[in-house]
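Please look over the notes below with the model open beside you.

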Amino acid sequence: MRTADGAVQRWRAAGGPVALKAEATGLLHKAAAGGVVLDVDSEDGVRAAVGRFAARFGDTLRGVLVQPMVSGGDEVLVGATVDAVVGPVLTVGPGGSATDAVGGRSHLLAVASPDDADGAVADSALGPRLAAQGRAAVRDVLLRWGWLMRTVPRVVEAEINPLVLRPDGGGGVGATAVDARIRLRG
């Protein structure tokens, strides 16, 4: 959305509280730069958030992303980078506000097997917290991220943060990517 009116339309379509995120040139870490407003549930709140983004980011503001709120559950970081020596490497650990937890991440090669991915999740700070269904959901995302890194050589960095794990209502765990970014070579 490029306008407050457009953001209000998206809020109405969402039918409940939303998160608003600034899309600005050069903006990587939205929350740290003041580019995220959570739990907005009124037209005035949407308009105020868009106004704050316009004031903060000026001409670099390309638009505003309006997403339904995703709250509760475990927050996970799933990332991938390309190491000059070994190639694509995957990362898993606590996400959201706990992203910078010291020693909380595990790393593995993008050619990982399901067992390798399970081991990385278990070795991270997430291991003790996640039920078997949560570990399986994270394993699936890790393996897909590895496939992406091996299959699309232009991708040099990719990250989902947070990936929110919540019960899916059928006895399993659903995974929702709340924010993701991919950086391409050249």
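1. Start with valine 78: it stands opposite isoleucine 160 in S7. Strand S4 covers 74–83 and strand S7 covers 155–167. S4 and S7 pair in the antiparallel sense, over seven bridges. Pairing here requires at least two bridges found by DSSP between the two strands. Strands (E, at least two residues) and helices (H or I, at least four) are DSSP runs, numbered from the N terminus.

2. A word on the source. This is a predicted model, in which local features need pLDDT of at least 70 and side-chain atom pairs count only at pLDDT 80 or more, while totals for chains, interfaces and linings use all residues. Residues are numbered from 1 along each chain as its sequence is written, and side-chain values use heavy atoms, with hydrogens and water left out.

3. Glutamate 157 has arginine 183 in S9 as its bridge partner. Strand S8 (residues 173–177) also runs antiparallel to S7, joined by five bridges.

4. Check the turn between S7 and S8. This hairpin has five residues between its strands, and glycine 169 takes a positive phi near 90 degrees.

5. S7 is mostly covered, with ten of its 13 residues buried. Buried means under 20% relative accessible area, exposed means over 50%, and partly exposed lies in between (1.4 Å probe, protein chains only).

6. The largest nonpolar core holds 25 residues, and Val76, Val92, Val138, Leu142 and Trp145 touch the most other members. Such a core is a set of buried Ala, Val, Leu, Ile, Met, Phe, Trp, Tyr and Cys residues joined through side-chain atoms within 4.5 Å. S4, strand S5 (87–94), helix H3 (114–123), helix H4 (132–151) and S7 each supply at least two residues of this core. H4 gives the most, with seven residues. A second, separate core has 17 residues, including Ala7, Val8, Val64 and Val66.

7. Which residues does leucine 142 touch? Not counting residues up to four places away in sequence, they are Val78, Leu90, Thr91, Val92, Leu108, Ala117 and Val121. Contact means heavy atoms within 4.5 Å.

8. Serine 124 sits in the loop between H3 and H4. Is serine 124 buried or exposed? Serine 124 counts as buried because its relative accessibility is 4%. Neighbours within four places in sequence aside, serine 124 is in contact with Val92, Gly93, Gly104, Arg105 and Ser106.
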